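These are my notebook entries on a structure that I wished to look up. I set down below what I found, entry by entry.

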There are 2 protein chains.
Amino acid sequence: MFKTQYDYYFNLVEQYITGLVFNNDQLGSSMNYSLVGAGKRIRPVLALACIEIVGGQPKEFVREASSIELIHTYSLIHDDLPAMDDDDFRRGKPSNHKKFGEATAILAGDALLTYSFELLAQPLSTVSPEKQLRIIRETAQAAGWQGMVGGQALDTLGDALDCNLDAIQQVHKLKTGALLIASARIGAILGGGTEKEIDILTQYASLLGLAFQIKDDILDVIGQRDVIGKPVGSDERQQKATYPVLLGLEGAQRHLDETIAKAKETIQSFGEMNSFLLQLADYVADRNS
Amino acid sequence: MFKTQYDYYFNLVEQYITGLVFNNDQLGSSMNYSLVGAGKRIRPVLALACIEIVGGQPKEFVREASSIELIHTYSLIHDDLPAMDDDDFRRGKPSNHKKFGEATAILAGDALLTYSFELLAQPLSTVSPEKQLRIIRETAQAAGWQGMVGGQALDTLGDALDCNLDAIQQVHKLKTGALLIASARIGAILGGGTEKEIDILTQYASLLGLAFQIKDDILDVIGQRDVIGKPVGSDERQQKATYPVLLGLEGAQRHLDETIAKAKETIQSFGEMNSFLLQLADYVADRNS
């Protein structure tokens, strides 16, 4: 049931993203390369699920949900650059700059980010333009210096990497949390949710993002991750402050379980409608990669 | 009179941009460094002038005009990166990555681009949200793979650099023309211009952009440019196809004069209101740097 629903959302996003047509040149190929056939699409899936939970029609807003994936993809391309995390591989294939060169990778990232706003500003017949402007504002804020880019700066430039829980939570809240929260909020707004519902889904997404990060850190330690291009166990995360480093592996697992429990609690008020998001929380906690 | 008017627009933009507050960290400092006290602000000035020529109030839309300058600034930061044009200096001071490092420069560019859309999506009381969405769409299109980034890709990756006029016009039309055109269109739309007026100002801005580029190429050859960090005459443009290379210096000057004359002709229908834009065309043609 959960898998069927996930696949339904996932396929809507895949279909939309695969249908995007860029120029048939190096820039367009590079944009496509990182965008197509990659990843779990968890952000647009979350957005579509939040549309549905507040009573909207996910199918009407696949473009808007997918535009968040464009932002996520651009951030991965730029994060992988030699000046940043210097990753040669991403999702089992050469990273964008290894395949197309650094100049193209920088430009492809810029173009995907810019295009996401072009998509978010396309006319919609069932949502007021005021709401659309709000969505654009919230997306930009979540993706920019007060959100994702700010978190990436803290992480890469290292100012805030004191070895304590508050510091790493702050980094992850911005770096991965902000865009997950934006996905949920945008879904809730597009679906016609009340401010109360938007707030609840914000809480949920915030906890989901935290759970995601704790699980990521745990997976890095227990070495089940398929990190191609890096020997298992050599990931530089292990030299950084991570949840297992700070709490121990058992402590991190307990923190994960508590976070998932809290996430589920926040969405109780949706009644039976909440089953997908309940299971999405378990999915994040139980995944092996 | 022209200078007074230019200074008026310029100061509105300077005041707005100087008032932007980012975090007091490396990312925020880097964003500020490239944004503040730099350049002629020709894009926002053009936008403000186009608001006024169609009968709108420039003072009401300084934020929107300035957001174009954020996009321009991000593009300069990324263009200067080692993987791109590899410029150590910009406007008489070390380029962003020389001052803050490559990682910060990449992120500062990303953040400025993202923030420009956050600013463009702020509520406006005198313009319909439909029009605002149109402005965001047009800006994103002009800045992205179909516009500025596309032009930068052609220029950097060199696919289209055959030594002929059509090829270099195509590059410049995208790389510098698209954002100038967007500035004029956004001004005309915000100011309440008719579709006819928007079209005319599109034509004007397109010719202004062409003139700008021809003059740039001429200045590079006659060596009056204050290119700090590079010996005069060593600019790599001279190995590339430029207007003086293709047309000779006199031919390029003639092409510039014709382009300026055409630009002025397009705005005849505005009557006396057009004096600033007429003089702006002369300013672009006559500048020495």
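I looked up the largest nonpolar core and found that it has 179 residues. Such a core is a set of buried Ala, Val, Leu, Ile, Met, Phe, Trp, Tyr and Cys residues joined through C-beta atoms within 7 Å; buried requires 20 or more other C-beta atoms within 10 Å of the residue's own, with C-beta atoms placed from the backbone. The residues with the most contacts inside this core are Ala211(A) and Ala211(B).

I noted that this is a predicted model, in which local features need pLDDT of at least 70 and side-chain atom pairs count only at pLDDT 80 or more, while totals for chains, interfaces and linings use all residues. Residues are numbered from 1 along each chain as its sequence is written, and chains are lettered from A and ligands numbered from 1 in the order in which they are written.

I then listed the partners of Ala211(A), leaving aside neighbours within four places in sequence: they include Leu256(A), Ile260(A) and Val284(A). Contact here requires C-beta atoms, placed from the backbone, within 7 Å.

I turned to the two chains and found 44 residues of chain B in contact with 44 residues of chain A. Helix 6 (102-120) is among the helices of chain B that supply at least two residues to this side, and helix 6 gives the most, with 12 residues. Helices are DSSP runs (H or I, at least four residues), numbered from the N terminus.

How values were computed. Buried ≥ 20, exposed ≤ 12 C-beta atoms within 10 Å, placed from the backbone.
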